[in-house]
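Please examine how the two chains of this model meet. The sequence and structure are shown here.

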There are 2 protein chains.
Amino acid sequence: MKKIPEPTRKRLIRLAQLLLQLIQNGDIIITSLQIQELTGWSNTTIRKDISYINVKCGASNGYKIEELHKAISRKFDLHINAAKKKCCIVGLGKIGEALLEYTGFKNSRFELVAGFDPNANRTEILNAPFPLYTTMRLEQIIKELDIEYAILSTSDKDAPAIAEKLAQWNIKGIVNYTNAVISVPSTITVKDVGIISALQTLW
Amino acid sequence: MKKIPEPTRKRLIRLAQLLLQLIQNGDIIITSLQIQELTGWSNTTIRKDISYINVKCGASNGYKIEELHKAISRKFDLHINAAKKKCCIVGLGKIGEALLEYTGFKNSRFELVAGFDPNANRTEILNAPFPLYTTMRLEQIIKELDIEYAILSTSDKDAPAIAEKLAQWNIKGIVNYTNAVISVPSTITVKDVGIISALQTLW
């Protein structure tokens, strides 16, 4: 069994997301050239990536989308019924509130299990399919529920201090929706997705 | 005059954002070791990066934060009064609505000038400091206002088709807040910042 390189793994997981989109559109077959068009990855890279998962859904006339999706999902344990990675949202301003309502989690390997805000009014007013707590209880709930990932959507001002705490409490990764630069030990992965940070990477 | 490598440019622009944070905290001096702690970039990389901007604010006892911030801003034309890059938001659901209200644009090199939604009710109900239009007028307004960047926050389902249109209308870059895989010609930069996409890169 070949070890799958990290970039391949990331592309295949992204490809599974694309395939799910195509299934929902009613598409049946896709060629590696069509995947190239849709993703920007080269035809050769795509064929090589797919070769890692020993899929038997035929590459000569294109891949059967549903089978390819199933094969990738099985390989990386992406199927919906697998144990999901627990995530929390920290900061329930407008962005946090919007994320509470995102329904795409149900097709993913992730699950939102708690939300936090310093303001008890916010946690009482907002509706969510999981409990909302004041930030004071962050440490306790992370430990009780074994939360692995945090979505940071506090104010930019509060973000660095909270990120530092999250790191101490053994969060594995942070999706940073604020535009603050946050600093955590290198064992923790941070993905900066604040609007200004994102625009700066484009420019 | 040395040409500044792209990774250096990106780090320096990110550093400027960090320095602004520190100025707002009232900090005066920072050493390259402290920057290393806050960013995870090595001390050596940081000193080398800063050497590109010929800053005269002393590295032996640390950099004067405000001067360093000014020097980087001057170098990359980041100062607030410079002509800003025009951006629009496409899709005014919960996420788009939250972004409409984000105040951090004023300290950035970017400016939101228009918002779009297919639903005329949304564009009428929502408040923004710039005009909101129905998506039908997207092409016209992008051309009239010379909009360079688009923030995509439509439904996942609508995202691929709209991204394709944005590419045809000469948008330079897209910040993709949806979780759809969007495909555009390689001349256009896409930054995927949807919550599921972001979580997948962490895992």
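The questions below concern symmetry and the interface.

This is a predicted model, in which local features need pLDDT of at least 70 and side-chain atom pairs count only at pLDDT 80 or more, while totals for chains, interfaces and linings use all residues. Residues are numbered from 1 along each chain as its sequence is written, chains are lettered from A and ligands numbered from 1 in the order in which they are written, and side-chain values use heavy atoms, with hydrogens and water left out.

Q: By what turn can chain B be laid on chain A?
A: Superposition is by least squares on the C-alpha atoms of residues with pLDDT of at least 70 in both copies. The RMSD is 0.0 Å and the shift along the axis is 0.0 Å, with a turn of 180°. The two copies are therefore related as by a two-fold rotation axis.

Q: Which three residues supply 17% of the area that chain B buries against chain A?
A: Buried area is the accessible area (1.4 Å probe) that two parts lose on being put together, summed over both. Between chain B and chain A about 5100 Å² is buried, with 64% from carbon and sulfur atoms. The 17% share, more than any other three residues give, comes from V181(B), L202(B) and W203(B).

Q: What is the residue in chain B with which D192(A) forms a salt bridge?
A: A salt bridge requires a side-chain nitrogen of Lys or Arg within 4 Å of a carboxyl oxygen of Asp or Glu. The count between chain B and chain A is six salt bridges. With closest N and O atoms 3.2 Å apart, the partner of D192(A) is R14(B).
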